[in-house]
Amino acid sequence: MIVGGGFGGLYAARRLARHPVRVTVVDRRNHHLFQPLLYQVATAGLSPADIASPLRSILRDARNVAVLLAEAERVDLTGRRILLEDGELAYDALILATGASHSYFGHDDWELLAPGLKTLEDALEIRRRVLLAYEAAERCVDGAERRALLTFVVIGGGPTGVELSGALAEIARQSMARDFRVIDPSQARIVLLEGGPRVLPAFAEALSAKAAAALSRSGVEVRTGATVTNITSDAVWVGGDQIRCRTVLWAAGVEASPLARSLGVPLDRAGRVPVEPDLSVPGHPDVFVIGDLGTFIHQTGAPLPGVAPVAMQQGRLAADNAWRRVSGTPTRPFHYRDKGQMATIGRAAAVAQIGPLRLSGGIAWLAWLFVHILYLIEFRNRFVVLVNWAWAYRHLQARRTAHHAAMASRTPHPRRRPLTRTRFNRLPRRRRMAEKGPAARRRPTAAREAYSLYVERAAEGANEADGPLSASCRGGGLRRVGAPSGSCPSWSSGNRRRR
Ligand SMILES: Cc1cc2nc3c(=O)[nH]c(=O)nc-3n(C[C@H](O)[C@H](O)[C@H](O)COP(=O)(O)OP(=O)(O)OC[C@H]3O[C@@H](n4cnc5c(N)ncnc54)[C@H](O)[C@@H]3O)c2cc1C
C-alpha cells in the first residue's frame, strides 16, 4: 500500500511494478503534480494541465498497480490498516508519502490573507488574486488604493519565494507591460520579505547574493532580516513598518501532512517522522515514511532537504525494502546522492549549485530548464512546456532587443540618416516600437490622471445630463455617447492601430 502519489509515492509505485506484489496507490487527488513548476501556473506562465498528469495514465502499464482516489485519515499500525473517510484498507507493507503543507507559525488566521503555494488550487487562487489586483487597479480612482492594489508582497526568501517574486516582476515589467490603458503595470511594486539575513539560505552565500542582485535588477524590492509581525486585509507589518498592499503570498514555512500525527510516534518540530536508516518507522519495520513527510538524519547528522530528488530516491529504496520485508530478506540503508539545487529568477536567469560547481545567469537557467523538462512526468507535458517556454523566451528577447534598440536610438549615431515620417512609416512594426521607446508606449501620467478623474466623476454620476458612457474613446477610454471625441481624455501617443 502506498499513500500519496507525489514524487515519493509515484517512484515507489513504479519500482514495485517490477516485483510480484499487488500494489495500491491511494491519493486524495487523481493526478501527480509537478510542484517545482507550480509558481508558473500561479503567475499565468503555464496552465494547470501542463504540470499535472493523471496517476492512472502514468501507471497504466503497471498491471499490478491499482490507483484509488481517497483521503487517508488515520493509520492503524496495530491493525495494519488505513482508515479512510468512507472505509478502510488493509496492508502487508505500507509506504507513507503524503508530503507537507504550509505552516503559518501559529498564525493560522493568515492563511486566508496570504495563500501558500502547494496545490493546483493554491496556484489558481494566487493567479486569480494577482490578475484581479491589476484589473481592480485599472478601475480604481483612488491613488493610494491603486498603489496598494499594485503592491505584491511575497513572504519567504527560499526557492519558492524567489521564483514567485521573480515571475511577478516579469509579468509586471514584460508580459503585461502594454496591456492596460490607465495603469502602468511596470510600476507595480513587488516586495520579497525574508526573515533571515539572506535569500536562498540553503545555497552558497555568493549565489544568494547573485540571486538578490538579479531580483533587484528585475525590479523586486528584496528585504532581508524582515520578520512579518502581522498581516491584515490591506497591509503587511514588519515590526512598526507598514506595507500597504492587497496581495500577499506565503512562501515561508512547511509542516508535514497531519497523517503523521496518527502514527503515535515521536515527531520533529515540523511534524515529520524521524525514520530509521532503512526509512522504516521506529518499531514498525513494515511501515516506511518517505519524502517531505519524513526526516532522515543518518547521513550527515542534519535532516535531508525537502526536495523532489530526496523523495524520488527514497521512493525507490522504500519500494525495494518493502519487497525485501515481504520476501524475508534484510532491508538496506538509504544513502542520498545529492545532485545539487537550483532556483530560477524570472526567465533566463537562475542560480545552480551542483557539487562544487556554482552557476548563475543564463547558463544556470539552461541547466534549470533541462532538469525540469527532464523530470516532467509525461512526454506531452515536456513537449508543451518546452514549446511554451521557447515561445515566451523568444518574445522576451524580442522585447529586450526592442528596449535596447530604443535606448541606443536615443544617442544619435553620427552617420545615421534623419528618420523622416515617410521612412518611419515604412519601418517594420518592431523597429517603429523600438524607435519610440518604452516611454512612448506608456500613457503619459497627466492623461492617466485625467482619465481617472473622468471615471471618478462618471462613477459619481456627476453630469447625468451628458448621457451614458461609451467605450468608444481613442485608446480605449470612455466618453459620453454623442459627445465630441475631444471631450474625453485621449493619449498623446495617438492611434494604437496606426502604431
Ligand atoms: C511550490 C513548490 C516548489 C518546489 N520546487 C522544488 C524544486 O524546484 N526542486 C525540488 O527538488 N523540490 C521542489 N519542491 C519540493 C518538492 O516538490 C517536494 O519535496 C516533493 O514534492 C516531496 O515529495 P513527496 O512525495 O514527499 O510529497 P508530494 O509530492 O507533496 O506528494 C504528496 C501526495 O500525497 C497526497 N496526499 C496528501 N495527504 C493525503 C492523504 N491524507 N490521503 C491521500 N493522499 C494524500 C497529495 O495529494 C500528494 O499527491 C517544491 C515544492 C513546492 C510546494
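Student: By class, how many nonpolar, polar and charged residues does the shell around the ligand have?

Tutor: In this predicted model, the shell around the ligand is made up of 16 nonpolar, 12 polar and 6 charged residues.

Student: And which residues come nearest to the ligand?

Tutor: There are 34 residues around the ligand, and of these Gly4, Gly6, Gly8, Gly99 and Gly291 come nearest.

Student: Which elements give two or more residues to that shell?

Tutor: Those elements are H1, E2, helix H2 (38-42), helix H8 (159-175) and H10. Looked at by domain, the shell draws at least three residues from domain 1 (2-99 + 257-337) and at least three from domain 2 (110-253).

Student: You mentioned E2, so let's go there. What is the order of the strands in the open sheet of 6 strands?

Tutor: The order is E5-E2-E1-E9-E21-E20, and the pairing in this open sheet is mixed. Its edges are formed by strand E5 (65-69) and strand E20 (280-281), each of which pairs on one side only.

Student: Parallel or antiparallel, how do E2 and E5 pair?

Tutor: Strand E2, which covers residues 23-27, pairs with E5 in the parallel sense, and 5 bridges are found between them. As one example, Thr24 has Ala66 in E5 as its bridge partner.

Student: Which strands does helix H1 touch when it packs on that sheet?

Tutor: Helix H1 (residues 7-16) touches strand E1 (2-3), E2, E5 and strand E9 (94-96), and the direction of H1 makes about 165 degrees with that of E2.

Student: What about H10, where does that helix lie?

Tutor: Helix H10, made of residues 308-327, lies across E9 and strand E21 (284-289), and it runs at about 160 degrees to E21.

Student: New topic: what is the strand order in the open sheet of 3 strands?

Tutor: In that open sheet the order is E23-E24-E25, and the pairing is antiparallel. Strand E23 (341-344) and strand E25 (357-361) are the edge strands, each pairing on one side only. If direction is ignored, neighbouring strands of this sheet are turned by 5 degrees against each other on average.

Student: How many bridges join E24 to E25?

Tutor: Strand E24, residues 350-354, is joined to E25 by 5 bridges, with the two running antiparallel. Within this part of the sheet, Val351 stands opposite Ser360 in E25.

Student: Let me pick a single residue, Val222. Where does Val222 lie, and why does it count as buried?

Tutor: Val222 lies in strand E13, which spans residues 220-223. Val222 counts as buried because it has 23 C-beta neighbours inside 10 Å, and the cut-off for being buried is 20 or more.

Student: Which residues is Val222 in contact with, leaving aside its neighbours within four places in sequence?

Tutor: With those neighbours left aside, the contacts of Val222 are Leu192, Val199, Ala212, Leu215 and Ser216. As for Val154, which is 68 residues apart from Val222 along the chain, the two C-alpha atoms are separated by 9.7 Å.

Student: Buried or partly exposed, what is Ala44, and what is Leu200?

Tutor: Ala44 is partly exposed, with 18 other C-beta atoms within 10 Å, while Leu200 is buried, with 25 other C-beta atoms within 10 Å.

How values were computed. Residues numbered from 1 in each chain as written. Predicted model: local features only at pLDDT ≥ 70, side-chain atom pairs only at ≥ 80, totals over all residues. Pairing = 2+ DSSP bridges. Helix = DSSP H or I, 4+ residues; strand = E, 2+ residues; numbered from the N terminus. Contact = placed C-beta atoms within 7 Å. Axes fitted to C-alpha atoms, helices over the stretch in contact; angles between N-to-C directions. Near = placed C-beta within 6 Å. Nonpolar A, V, L, I, M, F, W, Y, C, P; charged D, E, K, R; others polar. Domains from an automatic or database assignment. Buried ≥ 20, exposed ≤ 12 C-beta atoms within 10 Å, placed from the backbone.
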